[in-house]
Amino acid sequence: MKFIDVSSQYQAYKKEIDLAVHRVLDSGQFILGQEVVELEASLAEYVGAERGIGVSSGTDGLLLALMALDVLPGDEIITTPFTFIATAEAIALLGARPVFVDIDPVTCNMDVGLLEETVRALRAAGSRLRGVIPVGLYGQCADMDEIERIAGEWGLFVLEDACQSFGAVYRGRRSCAFGSAGVTSFFPSKPLGGYGDGGMVFTSDARMADRICSLRVHGQVAQYSHRWIGVNGRLDAIQAAVLRAKFPHFPEELLRRERAAGIYTERIRARLPEVAPPAVREDRSCVFAQYTVRVPADLREGMVDFLKERGIPTAVHYPAPLHLQQAFTFLGYGPGAFPRAEQASLEVLSLPMHPFLEPPDQERIVETMKEAVETLVVR
Ligand SMILES: *Cc1c(COP(=O)(O)O)cnc(C)c1O
């Protein structure tokens, strides 16, 4: 059994993908070019943004968006401590300071009540607070309307880290279309994954889009004419071609993911009172980049081993919140600073999830978890 099954997906669309890759090999255009332009147009239309800019990864997309927003050393940017490190890393790479706000314990996304308190306190203290980066963790948007409202009141930008939530809908709008810009990732295991690194920045701000287009090619405005210090942050044509071949299947894949999540949740509710299935708010959808449950902290390690011994792979997203990572000790946070994120990091467990998951496998996973609970609790 696989945690994320990229090979079944390739077999299912093999003909289209092989044709697309060979089209690029025949063209001799390997970086940017027409494949990327076409992908940018169709994904921007899908999410409801004016522009899409293909970039080398989700991480580089975040970095490029922050560069285009003129983030400077000493600026402060609020984000969540319970995310993949790239979210806060992009802030720190520019010499700006990530300020964390604890999570809503139900969705594991940024808590907007705490966001408002933190913004007020920082502004009162004279902080150079510039913006907020909410993350659509596990595939479900954060409370984007409230976040946009708070940001609007205080003159802050919103940059959505949609690396896990591409395709998710929130109150009739799609992830990636909020705030100043949204960034997604095409890392192979993401909901819309390529066969290598890649990402896209979406924005409806033409000035920002042009700036990112330039920054991803060393700040170039014409060949060998550089207006800004940029990076090498371009999307490869082969990745764009693979994604163009896969994208027509994406809506169907989201339905399959939702169906698989529904089966898990129904089985867990029926069989496993000790385990909490993920909660999806009524006003939004989840693309289930991960299907992540909460198990009692003292059972998690035993559960992981028990499942592993029986051929069921799992993952922990994430075993340590960012404020407790060694790389961020310079921020000066200690244990206890964000208790909800810390608690979540002890309890979360991601189960196998992909569009080709079969109900009998899901049944076996839940039954094996049941056995694990019985064995571990008695012991
Ligand atoms: C995957 C991910 C990223 C980084 O994307 P890459 O394409 O791997 O650089 C950033 N933020 C979150 C929340 C992610 O899940």
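The lining of the largest pocket divides into 9 nonpolar, 11 polar and 3 charged residues, where Ala, Val, Leu, Ile, Met, Phe, Trp, Tyr, Cys and Pro count as nonpolar, Asp, Glu, Lys and Arg as charged, and the others, Gly among them, as polar. This is a predicted model, in which local features need pLDDT of at least 70 and side-chain atom pairs count only at pLDDT 80 or more, while totals for chains, interfaces and linings use all residues. Residues are numbered from 1 along each chain as its sequence is written, and side-chain values use heavy atoms, with hydrogens and water left out.

**Pockets and cavity**

- On a 1 Å grid over the protein atoms alone, a cavity is a set of points where a 1.4 Å probe fits but cannot get out, a pocket is an open set with protein on both sides within 12 Å along at least five of seven lines, and lining residues have an atom within 4 Å of a point.
- The largest pocket holds about 360 Å³ of space, a volume being the space filled by probe spheres set on grid points that are joined across faces, edges and corners.
- Of the 23 residues that line the largest pocket, Phe84, Cys163, Ser185, Phe187 and Lys190 lie nearest its centre.
- Helix 4 (58–68) and helix 5 (86–93) are the elements that give two or more residues to the lining of the largest pocket, and helix 4 supplies the largest share, 3 residues; helices (H or I, at least four residues) are DSSP runs, numbered from the N terminus.
- The second largest pocket, with a volume of about 170 Å³, is lined by 17 residues, and Val106, Tyr138, Pro278, Ala279 and Thr292 lie nearest its centre.
- By class, the lining of the second largest pocket has 12 nonpolar, 4 polar and 1 charged residues.
- A search of the whole structure finds 1 cavity of 30 Å³ or more, and the largest cavity has a volume of about 80 Å³.
- The largest cavity is lined by 14 residues, of which Ile4, Val6, Gln9, Lys190 and Arg257 are the closest to its centre, and by class its lining has 6 nonpolar, 4 polar and 4 charged residues.

**Helix packing**

- Helix 4 and helix 8 (residues 206–215) pack at an angle of about 120°, with their axes 9 Å apart, where axes are lines fitted to C-alpha atoms, for helices over the stretch in contact, and angles run from 0 to 180 degrees between N-to-C directions.
- Helix 4 and helix 8 are therefore oblique to each other, given that angles under 35 degrees count as roughly parallel, over 145 as roughly antiparallel, 65 to 115 as roughly perpendicular and the rest as oblique.
- The contact (heavy atoms within 4.5 Å) joins Leu64, Ala65, Met67 and Ala68 of helix 4 with Arg207, Met208, Arg211, Ile212 and Leu215 of helix 8, and its residues divide into 7 nonpolar, no polar and 2 charged.
- Helix 10 (residues 250–271) and helix 13 (residues 359–378) pack at an angle of about 30°, with their axes 10 Å apart, which makes helix 10 roughly parallel to helix 13.

**Backbone details**

- The peptide bond from histidine 317 to tyrosine 318 is cis, with omega near 10°, and tyrosine 318 lies in the loop between helix 11 (297–309) and helix 12 (339–347).
- Leucine 32, in the loop between helix 2 (14–27) and helix 3 (34–47), has a phi near 55°, a positive value in a residue other than glycine.
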